[in-house]
Structure formats: structure tokens, C-alpha cells
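Visitor: I have a structure to go through and would like to ask about its side-chain contacts. Could you take me through them?

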Amino acid sequence: MGLFDRLSRVVRANLNDLVSKAEDPEKVLEQTLVDMSEDLVQLKQAFAQSLSSQKRIESQYKKSLMEANNWEQRAKLAISRKEEDLAREALVRKKSYSETALTLNEQLNQQNTQLETMRHNLATLESKIGEAKTKKNILIARSKAAKATQSLQKTMSGLDTSTSMSAFERMENKVLDMEAQSQSIGELAAAGVEGQFAQLEAGSEVDEELAMLKSQISGSSPSKGILPESIEDNDSSSKDQITDDEELEKLKRELNNM
């Protein structure tokens, strides 16, 4: 293969590729319908011209037949009048018109055949145009749907769904943390209130027990008007008093250290 042949093939391949990429289905279908409609108009014009020509040939054919018949009648008249030369001339004219009528009849038959072919082509083209219009609407709708799907696919392919879902998961975890904190605060608040009530209840029990101890102590103390105890009893009481004081001081120190 020569260099120019290879170069020509490359150029044609690139041109075909450019044309293929530049083809818009909607525009191509519209232009195809326009071209088909123009062909239909031209075919109708040609049919009209052929029909007019047929009418003209048919008129000439009928006229030639009529003239041939007229000259035949004249020839008969001349023969009846013993005018053979005149009759011969009339028959010559008749022959000329008869031959013309025969030629016109052949043309008329050809014209009729051509008109039938054109009439069939017209019907076929009109049917194809109607079918093309229906297909055009369907193909354009499919083309638009395909373009929309293609655009959606491009948009979807450009989205980073993993990042988006990760953001949703982080926000979900954050909301869960906030809900847990809110629940913990509520539980702590409830526990604080319960603790306060427990302290109040414990304080009441302590006060009741303190009152009971006071009552017991006051009930067991010596009544007024009783004689003083003996010296030994006084010494023993003093010792007990010292011991009680020491025990009291020890209790205070322990409470202060708590």
C-alpha cells in the first residue's frame, strides 16, 4: 500500500470519526425528514408534469383519430362522386393521421406506465415519511432518555459516596454521644435529689435517736432532794467523768478527721 493511500485512509477515518461524534440524533432525524419531504415535493411535481403530458398526448391522440376518421369519410364522398384523385388524396391524409394516432397511442401507454410507477412511488414515500415521523419521535425520546441517563451516570461517578457516608456516620455518632451525655446528666440529677432525700431521712433518724438517748439519760439521772453520795461514790463518779471526757475528746478528734 502506497503512502498516499495510507494517508487518505487515515484522513477519511478521522473525518468519519469527527462526523460520527458531531451527529446529534435529533438534528439528523429532523434533517432526514426535511430531505424526504423535499423529495416528496419534487416527486409530486414530476407526477403533475407527467399527468399534464399524458392529458396532452391523450388529447392529440383523440384529435388524430378524429381527423383520420374525417379524411376517411371524405375519401368515401370523393369515391361516390367519381373523384378518384381527390379520394386518393383524402386517403393519404387519413394514413398520416392514423400513423400519428398510432405513435401517440404508444406514447400514451408509456406515459400511463410511468404514471402508475410514480403514483406507487408517491404512496411508498408518503408511507415512509409517516413511519419516519413516528420513529423520529420515539428515537428522539429514547435519545433524550439516554442523554439524561448518561449525565446522571457521570454525576454519580463524580460523587465520593464513601466520604459522604462517613460524614453521616460521624454525625450519627456525635448525636448518640450527645444523647448519652444528656441521659447521664439526667441520671446524675435524679441521683442528687435522691441523695438529698436520703440525707434528710438519715438526719431525721439521727434526730429521733438523739432525742431518745436524751430521754433515756434524763430519765436515769438522780432526782432532786436525794442525799449526797458517799465519798467513795464521789471518787468513782469523778473517775467515770474523766473517762467520759476523754472518750468525748476522742470522738471529736475522729469526727474531725473524717
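Visitor: Is Asp85 buried or exposed?
Guide: In this predicted model, Asp85 has a relative accessibility of 61% and therefore counts as exposed, the cut-off being over 50%.

Visitor: Which residue does Asp85 form a salt bridge with?
Guide: Its partner is Arg88, with the closest N and O atoms 3.2 Å apart. Both residues belong to helix α3 (residues 84–158), where they lie three residues apart, about one turn of the helix.

Visitor: How many salt bridges does the structure hold?
Guide: There are eight salt bridges. One of them joins the side chains of Glu89 and Arg93 at 3.6 Å, N to O.

Visitor: How are Glu89 and Arg93 placed in helix α3?
Guide: They are four residues apart, so about one helical turn separates them. Glu89 is partly exposed at 39%, and Arg93 is partly exposed at 38%.

Visitor: What about Glu58 and Lys62?
Guide: Their side chains form a salt bridge at 3.7 Å, N to O. The two residues lie four apart in helix α2 (residues 25–80), about one helical turn. Glu58 is partly exposed at 26% relative accessibility, whereas Lys62 is exposed at 52%.

Visitor: Changing topic: what sits over the ring of Trp71?
Guide: The charged end of Arg74 does, 4.4 Å from the ring centre.

Visitor: And how many aromatic pairs are there?
Guide: The count is zero, with ring centres required to lie within 6.5 Å.

Visitor: Where does UniProt place the coiled-coil region?
Guide: The unreviewed UniProt entry places that feature at residues 101–135. In the model, this stretch is 100% helix and 0% strand, with its end C-alpha atoms 50 Å apart.

Key: Residues numbered from 1 in each chain as written. Predicted model: local features only at pLDDT ≥ 70, side-chain atom pairs only at ≥ 80, totals over all residues. Heavy atoms only, no water. Phe/Tyr/Trp six-rings, centres within 6.5 Å; stacked < 30°, edge-to-face > 60°. Lys NZ or Arg CZ within 6 Å of the ring centre and 35° of its normal. UniProt positions renumbered as here; feature names shortened; annotations may be inferred. Salt bridge = Lys/Arg side-chain N within 4 Å of Asp/Glu carboxyl O. Buried < 20%, exposed > 50% of the residue type's maximum accessible area, 1.4 Å probe, protein only.
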